[in-house]
Amino acid sequence: MGILPTPIGTTAELTLESPDDPTDSAGPAREKNRRRRVAYPWLVFALTFALLLSDYMSRQVLSAVFPFLKADWALSDSQLASLTSIVALMVGLLTFPLSLLADRWGRVRSLTLMAVIWSIATLFCAVAANYEQLLIARFLVGVGEAAYGSVGIAVILSVFVPRVHSALSGAFMAGGSFGSVIGVALGGVIAVHLSWRWSFAAMAVLGLILVALFRALVTEGRLAAHKVGQDTTPTEPSPRPDSSPPIRVPISTLFTSPAVWCAYLGGGLQMFTAAVLLAWTPSFFNREYGLTPDKAGMVASIFVLLIGTGMVGCGMITDRVSHTNPSAKWTSAVAFCVVSLASLGIGFQLAPGPAQLTLIGIGAFFAAGSSGPTAAMVARLTHESVRASALGTLTVANNVLGLATGPFVVGILADRLGLLAALQLTPLVYTLAIVALIFGRRLYATSLDRLNLHGASTSDDCAPRR
């Protein structure tokens, strides 16, 4: 309790050592190296997470400057919407091919290039002279951000033991919510006191500073030295990284496992309602509670934070309950969907008031709670050589089935039924996610056996148990 999980399986940790000798002058140096081995994975996580915050800050700062763009350039609402949708479109189209490229070209180099592209593109937003130039700049933001989430989480999972993968996946994915809140809040303050151009510029400068730190401290060589071993035991030294060529499996293995398909579908569908809450809660509080737009946005930000916090908390819960039974990750994901389905389904039926807010808050906390478990399952059921591509596929599912579809469908329903009625129907999508996850749990053992049969063993199954 309270001790940071130590990545295991590195060459240095698995080398047999003689008992401590009081006269051994190498003792302090060995202890110093051990501490570095423990700390470095957390440094990788911190820097990769910080860049994810920058990713979403650069993406969502646009929402804070809508009124200024509308006033300065006389833009229509459809033009404003296109500046947002172009980023989501690029993410959906390019995540998979860029994740595949990163698996082959090098993940650290790919992450560095991505962050540079979206930061410079955000800087272009600050100097855009008209709508067309800003649209092109936002297009480039989407290109840069497309595969960052899938490649970034693959880098993080490679240096941590599987027992903390759900918590780390949930925490990393929650960075999108936290970055969105920071980007909107900070961007609005800067726009009011300076100008909307400085809002973009500030996000760009922050991104460039963070990518410089990342490039200086994270390298492919250091990651290889700290990577969790795949076929080692605590009593056997790990082979040197360069002693044999790396094993690669066909990209088709991303789609041959039935359980992985269930994880893709379940993960994407459970993001549907979370995406609706992210997009429509400000309008909900404005229309149903009579709050002014600024106050509605502030209240909505609390629920956005609950979504992000829930992703972290649910990941930690999952790691705890699945410590000795990895298949329990599926059960946890189902449970989170059920809780959110019940809380939101009842909450949106109630009259405005404390009871409704409480239930919506509970539902928001668990709304995307299955993100960590599904990402951990995808990582567990795919070979390390294509893991970024697998997580990229999950990101595509999250965008196509959830982040892009949810707000759009609710908008159509709201035009016909009203926003409240549309929100009352939204939690029903969880039933589809629950079905997919239940089937995934049933197919899990068979899919894992098939993966191992073809020699594509995963770190989760080959890592020593504690």
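Reader: How many residues of helix 15 are buried?

Author: Ten of the ten residues in helix 15, which spans residues 371-380, are buried, so the helix is described as mostly covered. Please note that this structure is a predicted model.

Reader: Which residues are those?

Author: The buried residues of helix 15 are Ser371, Gly372, Pro373, Thr374, Ala375, Ala376, Met377, Val378, Ala379 and Arg380.

Reader: What is Leu391 in contact with, apart from its sequence neighbours?

Author: Once the neighbours within four places in sequence are left aside, Leu391 is in contact with Ala375 and Val378, and also with Ser150, Ile153, Ala154 and Leu157. Ala375 and Val378 are among the buried residues of helix 15.

Reader: And which residues have the most contacts inside the largest nonpolar core?

Author: Leu391 is one of them, together with Leu51, Leu69, Tyr148, Phe200, Trp330 and Leu423. That core has 106 residues. Helix 11, residues 258-288, gives the largest share of this core, with 14 residues.

Reader: Stepping back, what is the secondary structure of the whole protein?

Author: The protein has 20 helices and zero strands. Of its 466 residues, 52% are buried. Its exposed surface comes to about 20,100 Å², and carbon and sulfur atoms supply 69% of that area.

Reader: What share of the contacts joins residues 24 or more positions apart?

Author: Among contacts with a separation of 6 or more, 83% are between residues 24 or more positions apart.

Reader: Is Gly183 buried or exposed?

Author: Gly183 is buried, because its relative accessible area is 0%.

Reader: You mentioned Met203. Which residues of helix 9 are buried?

Author: Met203 is one of them, and the others are Trp196, Ser199, Phe200, Ala201, Ala204, Gly207, Leu210, Val211 and Phe214. Helix 9 runs over residues 196-217 and has 22 residues. From its first C-alpha to its last, helix 9 reaches 33 Å, close to the 32 Å expected at 1.5 Å a residue.

Reader: What about Leu53, where is it?

Author: Leu53 is in helix 2. Leu53 is in contact with Gly175, Phe178 and Gly179, leaving aside neighbours within four places in sequence.

Reader: Why does Leu53 count as buried?

Author: Leu53 counts as buried because its relative accessibility is 18%, and the cut-off is under 20%.

Reader: New topic: where is Arg59, and what does it touch?

Author: Arg59 is also placed in helix 2, which covers residues 27-64. Arg59 counts as buried, at 13% relative accessibility. Beyond neighbours within four places in sequence, Arg59 is in contact with Val87, Val91, Arg138 and Glu145.

Reader: Which residues of helix 6 are buried?

Author: Arg138 and Glu145 are two of them, along with Tyr131, Leu134, Ala137, Val141, Gly142 and Gly144. These residues lie on the same side of helix 6, because they cover an arc of only 160° around the axis.

Reader: How far does helix 6 reach?

Author: Helix 6, residues 131-145, reaches 21 Å from its first C-alpha to its last, close to the 21 Å expected at 1.5 Å a residue.

Reader: Last one: what caps the N-terminal end of helix 6?

Author: Asn130 caps that end, with a side-chain oxygen 3.2 Å from the backbone nitrogen of Glu132. The side chain of Asn130 also reaches the backbone nitrogen of Gln133 at 2.9 Å. Asn130 lies in the loop between helix 5 and helix 6, and is partly exposed, with a relative accessible area of 28%.

Definitions and conventions:
Residues are numbered from 1 along each chain as its sequence is written. This is a predicted model: local features need pLDDT of at least 70, side-chain atom pairs count only at pLDDT 80 or more; totals for chains, interfaces and linings use all residues. Side-chain values use heavy atoms; hydrogens and water are left out. A nonpolar core is a set of buried Ala, Val, Leu, Ile, Met, Phe, Trp, Tyr and Cys residues joined through side-chain atoms within 4.5 Å. Buried means under 20% relative accessible area, exposed over 50%, partly exposed in between (1.4 Å probe, protein chains only). Helices (H or I, at least four residues) and strands (E, at least two) are DSSP runs, numbered from the N terminus. Contact means heavy atoms within 4.5 Å. The expected span of a helix is 1.5 Å times one less than its number of residues. The arc is that of the directions from the helix axis to the C-beta atoms. A polar contact is a pair of N or O atoms within 3.5 Å; within protein, one must be able to donate a hydrogen and the other to accept it, and residues adjacent in sequence count only if both atoms are side-chain atoms. Accessible areas come from the Shrake-Rupley method with a 1.4 Å probe; for residues, only the protein chains shown count as cover.
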